[in-house]
Amino acid sequence: MTTNPNLPPGITRTVAFANGFLSVEIDPATGHSVVRVTDAAAILIYVRDRDEVLLISQRRAAAVSSGNPSGTTTETVAGRFDYETDVRTLIVNDVLEEAGATVTPEEILLLNGGEPLYSAAGVLTERVYLAYAEVDSSRIDPEDRVYGAAGEREAIRRVFVPMDELAAV
């Protein structure tokens, strides 16, 4: 357990895990555990000329279960604020890194008035900015390969879902 001088008012103890990626703090007023992590951004990408949505698929350790022994998920492109940047730049970088597609900051529509939403306010501090963008297939790497940051041990595959099949995903 470490002492953190930057704790919010009322939080007196913190335990850091995963090289500081997350910490668990105890709220002395309630005794509840609070998992402190960085905020994130997620984007839904519509490919206009193909009438498809671009999603990604990857293994997630937290998704491993008896019903999903591989832990494979299908999800939107998303990234964490694990470096200093603004939300649109984070999205631009992660769309290229995780899906091999290019979007510009101006093309990104931030949903909910640009305000992030809590992903699980009962336990997590994480807030997620939701975004949407439209691109043409010419802005997507034509090579079918594995994407992601090698240093983050990511092995991401793209999933193109026709709009008329989206409800089944």
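The following legends describe close-up views of a predicted model.

**View 1. Overall fold of the predicted chain.** Read from the N terminus, the order of the elements is β-β-β-β-β-β-β-α-β-β-β-β. Of the 169 residues in the chain, 34% count as buried.

**View 2. The largest pocket and its lining.** This pocket has a volume of about 1100 Å³. It is lined by 32 residues, of which Phe21, Arg60, Arg80, Glu152 and Glu154 are the closest to its centre. Two or more lining residues come from each of strand S4 (40-47), strand S5 (52-59), strand S6 (72-75), strand S7 (77-80) and helix H1 (87-99). H1 gives the most, with five residues. By class, the lining holds 14 nonpolar, six polar and 12 charged residues.

**View 3. The salt bridge between Glu25 and Arg36.** The structure holds nine salt bridges. In the one shown here, the closest N and O atoms of Glu25 and Arg36 are 3.0 Å apart. Glu25 belongs to strand S2 (residues 22-26) and Arg36 to strand S3 (residues 33-36), so the pair ties together parts that are 11 residues apart in sequence. Glu25 is buried, its relative accessible area being 0%, whereas Arg36 is partly exposed at 29% relative accessibility.

**View 4. The salt bridge between Asp136 and Arg48.** The closest N and O atoms of this pair are 3.2 Å apart. Asp136 is located in the loop between strand S10 (127-135) and strand S11 (157-162), and Arg48 in the loop between S4 and S5; the contact therefore ties together parts that are 88 residues apart in sequence. Asp136 counts as partly exposed, with 29% relative accessibility, and Arg48 also counts as partly exposed, with 37%.

**View 5. The salt bridge between Arg139 and Glu107.** The side chains of these residues meet with an N to O distance of 2.6 Å. Because Arg139 lies in the loop between S10 and S11 and Glu107 in the loop between H1 and S8, the pair ties together parts that are 32 residues apart in sequence. Arg139 is partly exposed at 23% relative accessibility, and Glu107 is partly exposed at 27%. A separation of 9.7 Å is found between the C-alpha atoms of Glu107 and Val92, which are 15 residues apart along the chain.

View 6. Leu109 lies in strand S8 (residues 109-110). Leu109 is partly exposed, with a relative accessible area of 47%.

Methods. Residues are numbered from 1 along each chain as its sequence is written. This is a predicted model: local features need pLDDT of at least 70, side-chain atom pairs count only at pLDDT 80 or more; totals for chains, interfaces and linings use all residues. Side-chain values use heavy atoms; hydrogens and water are left out. On a 1 Å grid over the protein atoms alone, a cavity is a set of points where a 1.4 Å probe fits but cannot get out, and a pocket is an open set with protein on both sides within 12 Å along at least five of seven lines; lining residues have an atom within 4 Å of a point. Grid points are joined across faces, edges and corners, and a volume is the space filled by probe spheres set on the points. Helices (H or I, at least four residues) and strands (E, at least two) are DSSP runs, numbered from the N terminus. Ala, Val, Leu, Ile, Met, Phe, Trp, Tyr, Cys and Pro count as nonpolar, Asp, Glu, Lys and Arg as charged, and the others, Gly among them, as polar. Buried means under 20% relative accessible area, exposed over 50%, partly exposed in between (1.4 Å probe, protein chains only). A salt bridge is a side-chain nitrogen of Lys or Arg within 4 Å of a carboxyl oxygen of Asp or Glu.
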